[in-house]
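Me: Hi! I've got a structure open and would like to talk through its side-chain contacts. Can you help me out?

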Amino acid sequence: MRANTRKVVSILAVASILMSGCGKSQEEIAQEEKETITSDFSVSYDGIKTANFVAGTSVHDPSILEADGKYYIYGSHMSAAESEDLRTWKSMTGGYSYSSDNQVYGKLYDSKGPFAFTGKANSVIKTDGNDVRLWAPDVKYSEKIGKYYMYFCTTSNYYTSTVCYATADSPEGPFEWKGNLIYSGFSEQVLDKTNVLDYVDKTYVEDNYLNGGVSYNNSKWPNALDPTIFWDKDGRMWMTYGSWSGGIFLLEINEETGEAIHPEADPENDVDPYFGKRLIGGGHTSIEAPYILYDSVSDYYYLFVSYGNLQRTGGYQIRVFRSKTPDGNYEDMNGKAPKLGAGNPKTFGLKLSGNYMLPSLNMAYMATGHNSAFAAKDGKRYVVYHSRFEKKGEVHEPRVHQYLTNEEGWPCMLPYETDGEEVNASGYNKEEIIGEYYVINQGTDVSADIAEPFKLVLTQNGNVFGKSTTGIWEQKEGSYQMHITYGGKEYSGVFCKMKDEAGTNCIVFSAVGGNESVWGVKY
């Protein structure tokens, strides 16, 4: 029996034997409480202030850096922005800026190195038209070399890309190209334009990477996109990368040089001498944008990825897996992960955020994905992503949400954008918690559907009532951590006081179970 199952049984057992001072059973108390509920459970936003919040700029695929008392995000299309509060952002590049005048990326634009194989119309593998494709940069500071590393990719099509790296003395750049690390999408004809033969011989390439010894097998091997770097708890530096194609891969990095440390081949553990270790995915199924964060509080490595297509109605969303070691195995709440040949990945991974509507939003958030995450210097932990919106086409903006970990160490993302909220470590008074909540369940679907609120009432005696469901809830004594069951499912999460998007005070819960995220908001 799994731990979560035992927890459900224990909560239900306690609930079934609880007796009131009058000798009534919990079931009798629940029936009496149900008769006092006046809510008709219809959802209305009457009287709730709404807001049209604007972040100030657009940065696609935002990767976060905290430095010099500020926050920086770096994104695709040579964009970057800075902020002092994680809410309003000022562009450092004037938006998408493919130009030598770009203060952050200008030297990369002028350099032939990153674009020699991919990314421009004159690359070995040409882009369509004159489109320049430099995507998904990730910037981190290295104390060992005293510089900022940027890992990024250039790309020409859905499987032909190059992972590159650069350095700068300031988070504002300019970043200078230092080298190309990984190539994908090569054929036999252009193999000599890559570095692949520096690590494996031609026979190995023909037998493993190429279909029939000629064209790249992008179902088994990665698209060299979306590189991000992290340090493990022992101070070793790693890079994870990959998008659709053969899945998500991992390589160790020599921090002093920035170069990849290529491992010995180990087929039984899915380790390749050039591409590194496959962590999850493969078979050209929906999975991309890997980001690994070590959390010293829970002592887990969290692997965030995105599923779906990035367009507004493409079902784009954030999923998370975790591991006790940097190189895996990474698993979801059910102890599983999508492997090569597993097919549709939608049943794998805790879904943190997708398409959703909440009170105070003037329209639904959609395609919330391609996230980064960080533990801030103030001890709080955040998820950073870009969101599109129900009524704005493909317009997108960055959003930052604080996350807390539940009793089992899983991330629970707070429903609203961060606004300096502080969780009460010793928990909240029951009188503050009980009442009517607007609740959404994000499910595990990958679709254009929007998670819409329904009503649940949490009562004084630990009962939960909805229009066609009942359950129980509890707050862990002396803690903000909580458990809630309804519809026969249990979710483990957290309570927190915060402000909604319009600045109205509310109390919220965020709980996860069975790879689903449930958010509740009470005014």
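Predicted model: local features only at pLDDT ≥ 70, side-chain atom pairs only at ≥ 80, totals over all residues.

Me: Which side chain does D299 meet in a salt bridge?
Reply: That of K233, with 3.2 Å from N to O. K233 sits in the loop between β11 (228-231) and β12 (237-241), while D299 sits in the loop between β17 (288-295) and β18 (300-307), so the bridge ties together parts that are 66 residues apart in sequence. K233 is partly exposed too, because its relative accessibility is 46%.

Me: How many salt bridges does a search of the whole structure find?
Reply: It finds 21. One of them joins K489 and E516, whose side chains meet at 3.1 Å, N to O. K489 belongs to strand β30 (residues 489-499) and E516 to strand β32 (residues 516-522), so this pair links distant parts of the chain, 27 residues apart.

Me: And the accessibility of those two, K489 and E516: what is it?
Reply: K489 has a relative accessible area of 43%, so it is partly exposed. E516 is at 11% relative accessibility and therefore counts as buried.

Me: Which residues do salt bridges with shared partners join into one network?
Reply: K70, E82 and E172.

Me: What about R399, which partner does it have in a salt bridge?
Reply: E397, and the closest N and O atoms are 3.0 Å apart. Both R399 and E397 are buried.

Me: Switching to rings: how many aromatic pairs does the search turn up?
Reply: There are 37 in the whole structure. Among them is Y209 with Y274, a tilted pair with 6.5 Å centre to centre and 50° between the planes. Y209 is in helix α4 (residues 202-209) and Y274 is in the loop between β15 (271-272) and β16 (276-280), so the pair ties together parts 65 residues apart in sequence.

Me: How do F374 and Y382 pair up, stacked or tilted?
Reply: Stacked, with 5.3 Å centre to centre and 25° between the planes. F374 and Y382 are both buried.

Me: Which residues do ring pairs link into a cluster?
Reply: Y209 and Y274 are both in it, along with Y158, Y159, F186, Y199, Y204, Y216, W221, Y241, F249 and F275.

Me: Which lysine lies over the face of Y300?
Reply: K324, at 4.0 Å from the ring centre. There is also K392, which lies over the face of F389 at 5.4 Å from the ring centre.

Me: Now the nonpolar core. Which members of the largest one touch the most other members?
Reply: I64, W89, F304, Y356, I484, F495 and F509, out of 69 residues in that core. Strand β31 (residues 505-513) supplies the largest share, six residues.

Me: Take F495: what is it in contact with, leaving aside neighbours within four places in sequence?
Reply: V423, Y428, I433, Y437, L458, W473, Q475, Y480, M482, V508 and F509.

Me: How many residues are in the second, separate core?
Reply: It holds 29 residues, including V163, V190, I229 and I253.

Terms used
Residues numbered from 1 in each chain as written. Heavy atoms only, no water. Phe/Tyr/Trp six-rings, centres within 6.5 Å; stacked < 30°, edge-to-face > 60°. Helix = DSSP H or I, 4+ residues; strand = E, 2+ residues; numbered from the N terminus. Buried < 20%, exposed > 50% of the residue type's maximum accessible area, 1.4 Å probe, protein only. Lys NZ or Arg CZ within 6 Å of the ring centre and 35° of its normal. Core = buried A, V, L, I, M, F, W, Y, C linked by side-chain atoms within 4.5 Å. Contact = heavy atoms within 4.5 Å. Salt bridge = Lys/Arg side-chain N within 4 Å of Asp/Glu carboxyl O.
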